[in-house]
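The report below goes through a protein model, from the surroundings of its ligand to its cores, a helix pair and a few individual residues. Please keep the sequence and the structure in view while reading.

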Amino acid sequence: MRISEAQSIGNWEHFISSGECAAGTKPVIAASWRRCREAGVDPMSGKGLQVSEEELASRLQEKKQLLSVAKPVMDSIYQIIKDTVYAIVLTDQDGVLLHTVLNKELEPECVKVNFVEGAKWDELSVGTNAVGTALAVNDAVQVLGSEHYCTSHHAWTCSAAPVHDSRGNVIGCLDLSGKAEDVHAHTFGVVVSAVSSIEKQLHMLEASQMMHAVFQSMQDGLLVIDTGYRVRHYNERLASIFMLSQEQMEALSIKELLKEVDLESVFAGERYLSYADCTLTVGSNKIDCMVNIYPFTFDDKILGASLTIREAGQVRKEVNQLAGFKANYRFAEVITDNSYMQGQIAFAQRIAKTNCTVLIEGESGTGKELFAQSIHNASLRAGGPFIAINCAALPKDLVESELFGYEKGSFTGALREGNPGKFELAHGGTIFLDEIGELPLEIQAKLLRVLDNHKVRRIGGKHERTLDVRVIAATNRDLAEEVSRKSYRSDLYYRLNVINIKLLPLRERREDIAPLAKLFLLKCNRDHPGPAKRFSPSFLKTLQSYEWPGNARELQNAVQRAYYVCSSADITHLDLPPARTSPLQHTNSGNAAVPQKSSAESPAKKMEQIEMESICSALKTCGGNAVAAAKMLGIGKSTIYRKIAGYGISK
Ligand SMILES: Nc1ncnc2c1ncn2[C@@H]1O[C@H](COP(=O)(O)OP(=O)(O)OP(=O)(O)O)[C@@H](O)[C@H]1O
């Protein structure tokens, strides 16, 4: 119940003289008076304490966001009360006035008690007052006339409520102060509801800033459009994917951009659309992207859609990293004591830095892929993918789609979304086309076009994609010979053969047998726990006397096999399979992948017999699976296919 003004003054005088609170003093006021008395506040003073200009500037800066939200609210309150003698004041959490909106009539009164911007109105400075007390008790407070601790404020009536941030911390205080005789029952309610509106807006601002940060920090491009196909929001990542300025982004034609996408069905109410692979049109640019589309609703009505857009190149880069499409070997790991091979390494190191197409010739297992990987790793595109593809291992009718990709529905069996080819996957890196001699003639023409203009058109595709891919091809066939027999396109051969590297078979660089064998043993010892094994002189001698038609790969497998078979620390010739212990004559053939034909009695003939039998038995063990059989024998896939055909073995 409200007490009379006279009674209220009596209560104040009683407290000031005795320190006792008379009955009828509001508890919140009584508690404040006691705090003020204890702190030694002078009841005869009551002037706001002015902070320095620098301090005020820094406090204003700190409360920029609060001010931006509170000022319009204060202005709209002022519009309602402008004909009354009132001041609307915003302070920070320490009670320092940051912003005031007031009726001119009140100005002199405010100046008298220093109720102006930059003055501090906490309890300690000016005793009980709505701002100071609301901040002290963290609650909305109304202080009427002589409830103020200092006599100079007894002509005032003030209502104030603290403002909180989203975590509940007090960050300021809103106050409505006027003449005591103008006291109005609704003032307190106005302050409380204005503060609640300020707090809600602050929370929304915080949430929207959080959303903005999430938006901008996304690795994907984000685009929000409305059902009228207008751009509503986008993040910087998207502008950088599209390579557009802010103005260009805002003027973007969504219909043109998303002409491949069925937006109508999104707006018609389908929940979600996912385009695994989609070409976006930005002006004259075509950008391959992965696009997800999610509609957004308000009051159950679809207002638009949000799109997440990832550059296909970026996705592929990540997939390449995860799937291990990278080159492991470097030139430092290529072992050779042969001077010709050392020259080839030096040459390959030099040309690695260029973007030239390279053709590596050599028998199976001589280290062609090792060279290709080393060239990639020594090149400027070492950070990009290294995609190896064996042209001989691909079914003829799939070579084109594997190399160049296909669009959705381009042929029976094509994936719904379409698929990028190996050339696209190699964008920014190197493609290694092994067994290039096996490429069907019609694909040779298409490959030639790609090499000439660096553009790829997927099967069923409408546009060409420009790619940055270095091509390294390899063959164990004599391509020049194939060209002269017209079974290989001469133009493609010359286009591939810009840089030529020839690798010698192992039998023509026998000095490499021992170092390579030692390297392979070192790897075995490193990969297996337990005491290290070593070669006996008899083992190395036997290795030297063998022809190694499967070259380094065959040697590697022979060493690995011996390592596993050998039960002691010394690996001897007895740990080699019988074929490797029967010495062969040197054939001295430069590119002989298939053993040379000779008389029925020759050791080479015997070797062929052994080889054929080994292949048959491996095929039998592997249920006719040539790839598994090749693995078992330690020879390349293409080698086994060639030998199966050469010996006329039926799987
Ligand atoms: N000079 C070398 N130094 C170290 N390792 C080698 C060397 N040459 C070949 N190797 C090893 O031999 C194996 C076969 O090499 P690679 O796969 O490069 O041969 P390739 O000529 O590409 O064979 P294919 O034509 O059958 O595909 C690999 O494990 C490789 O590491």
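## Ligand surroundings

A residue is taken to be near a molecule if its C-beta atom, placed from the backbone, lies within 6 Å of it. The model is a predicted one, in which local features need pLDDT of at least 70 and side-chain atom pairs count only at pLDDT 80 or more, while totals for chains, interfaces and linings use all residues. Residues are numbered from 1 along each chain as its sequence is written.

The ligand is surrounded by 21 residues, the closest being Gly367, Lys368, Glu369, Ala552 and Gly636. Two or more residues of this shell are given by each of helix H15 (368–377), helix H21 (513–527), helix H23 (551–565) and helix H27, where helices (H or I, at least four residues) and strands (E, at least two) are DSSP runs numbered from the N terminus. By class the shell holds 6 nonpolar, 11 polar and 4 charged residues; here Ala, Val, Leu, Ile, Met, Phe, Trp, Tyr, Cys and Pro count as nonpolar, Asp, Glu, Lys and Arg as charged, and the others, Gly among them, as polar.

## Overall content and cores

The protein has 27 helices and 23 strands. Of its 651 residues, 38% are buried, a residue being buried if 20 or more other C-beta atoms lie within 10 Å of its own, exposed if 12 or fewer, and partly exposed in between, with C-beta atoms placed from the backbone. Among contacts with a separation of 6 or more, 64% join residues 24 or more positions apart; a contact requires C-beta atoms, placed from the backbone, within 7 Å.

A nonpolar core is a set of buried Ala, Val, Leu, Ile, Met, Phe, Trp, Tyr and Cys residues joined through C-beta atoms within 7 Å. The largest such core has 49 residues, and Ala134, Ala160, Cys173, Leu174 and Val191 have the most contacts inside it. Helix H8 (residues 187–217) supplies the largest share of this core, 6 residues. Val191 touches Ala140, Ser159, Ala160, Ala161, Leu174 and Leu176, when residues up to four places away in sequence are not counted. Another core, of 43 residues, lies apart from it and includes Ala352, Leu370, Leu439 and Leu479.

## The pair H26 and H27

The axes of helix H26 (residues 626–633) and helix H27 (residues 637–647) come within 9 Å and cross at roughly 110°, the axes being lines fitted to C-alpha atoms over the stretch in contact, with angles from 0 to 180 degrees between N-to-C directions. H26 is therefore roughly perpendicular to H27, since angles of 65 to 115 degrees count as such, under 35 as roughly parallel, over 145 as roughly antiparallel and the rest as oblique.

From H26 the contact takes in Ala626, Val627, Ala629 and Ala630, and from H27 Lys637, Thr639, Ile640, Tyr641 and Ile644. These residues divide into 7 nonpolar, 1 polar and 1 charged.

Asp300, in the loop between strand E11 (285–298) and strand E12 (301–311), has a phi near 65°, a positive value in a residue other than glycine. Asp300 counts as exposed, with 5 C-beta neighbours inside 10 Å. Trp548 also is not a glycine and has a positive phi of about 55°, but this residue, in the loop between helix H22 (537–544) and H23, counts as buried, with 24 C-beta neighbours inside 10 Å.

Gly118 lies in the loop between helix H5 (107–112) and strand E4 (119–120) and is partly exposed, with 19 other C-beta atoms within 10 Å.

Technical notes: Contact = placed C-beta atoms within 7 Å.
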